[in-house]
Amino acid sequence: MKHLLFIISLFIFTLGWAQSEEEKQRIIEQRIEFIGDNLEDSDIDLTTYFDELYYFFDNPINLNNTNFEELKKLRLLSDLQISYLLNYLDQNGQMLTIYELNAVETIDKTTLEMILPFVTLGEIEKEDFKWKNAFKYSKNEVFLRYEQVLSQKAGYTDPQNDSLVDANKQYLGSPQKYYLRFRSTYKDRLSYGLTAEKDAGEEFFKGANKYGFDFYSAHFFVNDLWKFKKLAVGDFQVNFGQGLTMWSGFGIGKSADVFNARRYAYGLRPYTSVNENQFLRGVGVNLDLGEKLDFTAFASYKRIDANINAVDSTDIFDNSFSSFQTSGYHRTVNEMDDKGQVGEFITGGEFAYRGKRFRIGVSSVFSSYDQPLNANLQPYNLYKFNGQQLLTSGINYRYYFRKLSFFGETSMSDNVKFGTVNGIAWHADPKLDLLVIYRNYDKAFQSLYSRAFGESSDNSSERGLYFGIQARLSKRVSATAYYDQFQYTSFKWLTDDLSEGREVFAQVNFNISRRASFYVRFRNKVTERDTKDDITGIDEQVKLNKTNIRVNYDQRINDRISLKSRVEWTRFLFDKDESNGLLLFQDLIFSFRKVPLKLYTRLAVFDADTYDARIYAYENDLLYVFSIPSYYNRGMRTYLMAKYEIGGMFDIWARVGLWNYQNVETISSGLEEIDGHNKLDLKIQVKMRF
């Protein structure tokens, strides 16, 4: 029977699923857009995820020779789906056809279609690592990128021609932004490369940057070399547990993919991005201590940006700094003064024991700075870390029992204050998945590299309960929803009392056909903030209530033309004030038949009364550029991007975008101010493969 299934499915697969590179790339772009379009953050960094998807695009996972960690990297399968898949392989042996996945409980047709481009079948093979082959047969890529806002900004005004300009408040460098990246990979065994970036306004081959770029990053990463499951030298990232003790890098919070609320740690990963803060620099190792034991250790030292406190001549203590500076910008004299002012040493590790259905890990991270942090304490930051050293330790777990998945992490900082996050995922029915997460972070709990699930970015002063649901109502209709109730246990920014909030989200997806779909989304978030009574002059807290409603329609006319249409409305209520926002846009993606040229364009109109009523929307951009700008004020937005392939070795992108505001005479403020109501930007990128 298996052989008959193999012959039939092979025929079907050849006709229906032998997808071109263009088709597979479209799926990758859709996945990245799905993540980006569910975030409200204009400065996200999905570079690592992009790298992983493109790797699996060229090197599909062999389902007959895989493990939990490798399958989780796809971020296309839930923990329970992976668990059921691995159990199926244990019970039935190697798969003969990819369509045996239909027999795996919890994997539905939609999931199957989504993962097909990234998985394959084959005999189990174990390849010995050879340095000669690694360098000889490696795949190499080089990226060169140029970006510039062509509209004149105040920071680039020549002080010699304008007596009103303060020369000490000008950008030191040019308005161009440059990016260079080289990366070489050999399957999943070896990766090494160099990344460099100069932001707009920073100096280039002059001044403090006489060696060229303002930021350099390099990595060397090996998998499965002798006793080293992973070896990282240079720049890398470290993730443990649910991100409470240690999580360097980006962590997705609440979104339409409700199960993204739980973290899955990858341990060590190479760092290939240009965020100048969320990485470590040094050495990391992941050792194989046997079938069930796993040990990870790392050590990092780098100079970080910080605001140094002024020292009085009578001060008998050493210098200190008042805050971390995380923008990564070094464009002005003041920003240059903060660059690399403090040395940061971080070391730590995790010891883990794993069984067939569980994993438990104990981790610890020690951070030390060559100067103490001496912040100006206010009620909202009274319990934050202050000092020179911090030790945070924790225990994390995950356990599977039938259709239930249990996970969590509890951590303690060296002031004996705790933070904990725990959850349960339940595959209640082939058509229904449920998720519950409880978090409780003490107001004095401290972890400098913490990205666990929650409202606050530092995982402190917060209690909350999150409910998520995914339902497949029919073959063509599905729904996701979550409800999050939270409260703060100390003062927060702009609050003079304890506060609380809640957030509710619901989305219904309609798959009209393989080429057409739309969804309707509702989101409402209520929090609290101080207000001042004009009569009594007394500060009291009032509700902030923001509602978003979105209708989105996607249509693939054919293999060359894709459309996306969206209408989104938002309302923001604060005390007695109300503001509204409206966004309408039309996207078009067009691929030429006889030339390797692809065009992306958008025409959007928007009207938002205030910045609080802004609306975020993901935009197609250059590869490894992630744009989620906020639409506010009143005006139009349009962009046109072209991608052209030359002989399989070169890809060229060019993108021009225009903001046209109708109700303002200047755009932005300070050194970023543009005199006028238009903002024009240009981006060009070249990718070379060899």
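**Contacts, strand pairing and nonpolar clusters in a predicted model**

Leaving aside neighbours within four places in sequence, Leu498 is in contact with Tyr488, Thr489, Ser490, Phe491, Glu528 and Gln541. The model is predicted. Leu498 is found in the loop between β20 (477–488) and β21 (500–511). Its relative accessible area is 46%, so Leu498 is partly exposed. Ser461 is 37 residues from Leu498 in sequence. The C-alpha atoms of Leu498 and Ser461 are 9.9 Å apart in space.

The chain as a whole comes next. It has 690 residues, and buried residues make up 49% of them. Eight helices and 33 strands are present. Contacts between residues at least 6 apart in sequence were also examined. Of these contacts, 61% join residues at least 24 apart. The chain exposes about 32,600 Å². Carbon and sulfur atoms supply 57% of that area.

Strand β14 (residues 358–373) pairs with strand β15 (residues 387–401) in the antiparallel sense. Twelve bridges join β14 and β15. Arg359 has Arg398 in β15 as its bridge partner. Strand β15 also runs antiparallel to β16, and ten bridges join these two. Here the bridge partner of Tyr397 is Gly408 in β16. The hairpin of β15 and β16 has two residues between the strands. In this hairpin, Arg402 takes a positive phi near 55°.

Strand β16 (residues 404–413) pairs in turn with strand β17 (residues 417–429). The sense is antiparallel, and the pairing extends over ten bridges. Ser405 stands opposite Ala425 in β17. Three residues lie between the strands in the hairpin of β16 and β17. Val416 takes a positive phi near 60° in that hairpin. Strand β17 then pairs with strand β18 (residues 432–441), again in the antiparallel sense. Nine bridges join β17 and β18. Trp426 stands opposite Leu434 in β18. The two strands form a hairpin with two residues between them.

The largest nonpolar core has 47 residues. Those with the most contacts inside it are Leu63, Leu74, Leu85, Met95, Leu101 and Val104. Helices α3 (47–58), α4 (68–72), α5 (79–92) and α6 (109–115) each supply at least two residues of this core. The largest share, six residues, comes from α3. Met95 touches Leu63, Asn64, Leu85, Tyr88, Leu89, Glu100, Leu101, Val104 and Leu121, not counting residues up to four places away in sequence. A second, separate core has 17 residues. Ala261, Leu435, Phe445 and Tyr482 are included in this second core. In soluble globular proteins, nonpolar side chains tend to be buried together.

A nonpolar patch also occurs on the surface. Its members are Val520, Phe522, Ile549, Val551, Val567, Trp569, Leu582, Leu584, Leu603, Val605 and Met636. Together they have about 800 Å² of accessible area. Five strands each supply at least two residues of the patch: β22 (516–532), β23 (539–556), β24 (561–574), β25 (577–591) and β26 (597–608). Leu582, one of the patch residues, is in strand β25. Leu582 counts as partly exposed because its relative accessible area is 36%.

Asp338 lies in helix α8 (residues 333–338). Not counting residues up to four places away in sequence, Asp338 touches Ile304, Asp305, Ala306, Asn307, Ile308 and Gln325. Phe321 is 17 residues from Asp338 along the chain. The C-alpha atoms of Asp338 and Phe321 are separated by 9.8 Å.

Terms used: Residues numbered from 1 in each chain as written. Predicted model: local features only at pLDDT ≥ 70, side-chain atom pairs only at ≥ 80, totals over all residues. Heavy atoms only, no water. Patch = residues over 30% accessible without salt bridge, like charges linked within 9 Å, V, L, I, M, F, W, Y side chains within 5 Å. Areas by Shrake-Rupley, 256 points an atom, 1.4 Å probe, with all protein chains shown as cover. Salt bridge = Lys/Arg side-chain N within 4 Å of Asp/Glu carboxyl O. Helix = DSSP H or I, 4+ residues; strand = E, 2+ residues; numbered from the N terminus. Buried < 20%, exposed > 50% of the residue type's maximum accessible area, 1.4 Å probe, protein only. Pairing = 2+ DSSP bridges. Contact = heavy atoms within 4.5 Å. Core = buried A, V, L, I, M, F, W, Y, C linked by side-chain atoms within 4.5 Å.
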